[in-house]
Amino acid sequence: MTDVQHEPELRSNAQLEEEGDIAADYIEELLDITDLDGDIDIDARNGRAYVSVNAGDGANLNLLSKPETVSALQELTRLAVQTKTGVFSRLILDIGGSRDTRRNELAGLVTRAVERIEGGAAEASLPPMSSYERKLVHDLVAEHGFHSESRGEGADRHTVITRG
């Protein structure tokens, strides 16, 4: 018996654009309910739909752009898309530049972890994070010339960095 890796089904650009449109409608309703203004951009790349909400004139997206809030809204938006399409969505939601902010925070974590290894530690573990964040960390670690792997299960899954 062969061990089969279950990779997410590759989606066509048309399917990803449909996901983005459904997600944008959902987010637009949320913005209307909360009386917030925002410009919504939709993109399809790397097999995922990306929906970005950027501040319009005078808009205050600070509350919605907190990492925990973006993560929760992303899950709700994915559920809204799945309800309409019948297919699990891997869309990525960005509110007010939250993804760039989080990437910069992760870059700082990776830099400090690499410094610990350069200072003599055999490895450095980062806190548990989402699969998307772990992917970003793996890319950042590779840029430093080090090796990383994910360990643990479920909510405890985290990245461990070692020399390359």
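Student: Start with R78. Is that residue buried or exposed?
Tutor: R78 counts as buried, because its relative accessibility is 11%. Buried means under 20% relative accessible area, exposed means over 50%, and partly exposed lies in between (1.4 Å probe, protein chains only).

Student: What kind of model is this, and what goes into the values?
Tutor: This is a predicted model: local features need pLDDT of at least 70, side-chain atom pairs count only at pLDDT 80 or more, and totals for chains, interfaces and linings use all residues. Residues are numbered from 1 along each chain as its sequence is written, and side-chain values use heavy atoms, with hydrogens and water left out.

Student: Back to R78. Which residue does R78 form a salt bridge with?
Tutor: E75. The closest N and O atoms of R78 and E75 are 3.2 Å apart. A salt bridge here is a side-chain nitrogen of Lys or Arg within 4 Å of a carboxyl oxygen of Asp or Glu.

Student: Where do R78 and E75 sit relative to each other?
Tutor: Both are in helix α2, 3 residues apart, so about one helical turn separates them. E75 is partly exposed, with a relative accessible area of 37%.

Student: What else is in α2?
Tutor: L79 is there; the helix covers residues 67-85. Helices (H or I, at least four residues) and strands (E, at least two) are DSSP runs, numbered from the N terminus.

Student: New topic. What is the strand order in the open sheet?
Tutor: β4-β6-β5, 3 strands with antiparallel pairing. The edge strands are β4 (123-125) and β5 (146-151), each pairing on one side only. Two strands pair if DSSP finds at least two bridges between them.

Student: How many bridges between β5 and β6?
Tutor: 6, in the antiparallel sense, with β6 covering residues 158-163. E149 stands opposite V160 in β6.

Student: Which helix packs on that sheet?
Tutor: Helix α4 (residues 131-143), which touches β5 and β6. Contact means heavy atoms within 4.5 Å. The direction of α4 makes about 160° with that of β5. Axes are lines fitted to C-alpha atoms, for helices over the stretch in contact, and angles run from 0 to 180 degrees between N-to-C directions.

Student: Which salt bridges does R151 form?
Tutor: One is with E123, closest N and O atoms 3.4 Å apart. R151 lies in β5 and E123 in β4, so the pair ties together parts 28 residues apart in sequence. Another is with E149, at 2.8 Å between the closest N and O atoms.

Student: How exposed are R151, E123 and E149?
Tutor: R151 counts as partly exposed at 31% relative accessibility. E123 is partly exposed at 38%, and E149 is partly exposed at 34%.

Student: How many salt bridges does the structure hold?
Tutor: 9. R102, E105 and E133 are linked in a network of them.

Student: Last one. How many helices and strands are in the chain?
Tutor: 4 helices and 6 strands. From the N terminus on, they run α-β-β-α-β-α-β-α-β-β. Of the 164 residues, 35% are buried.
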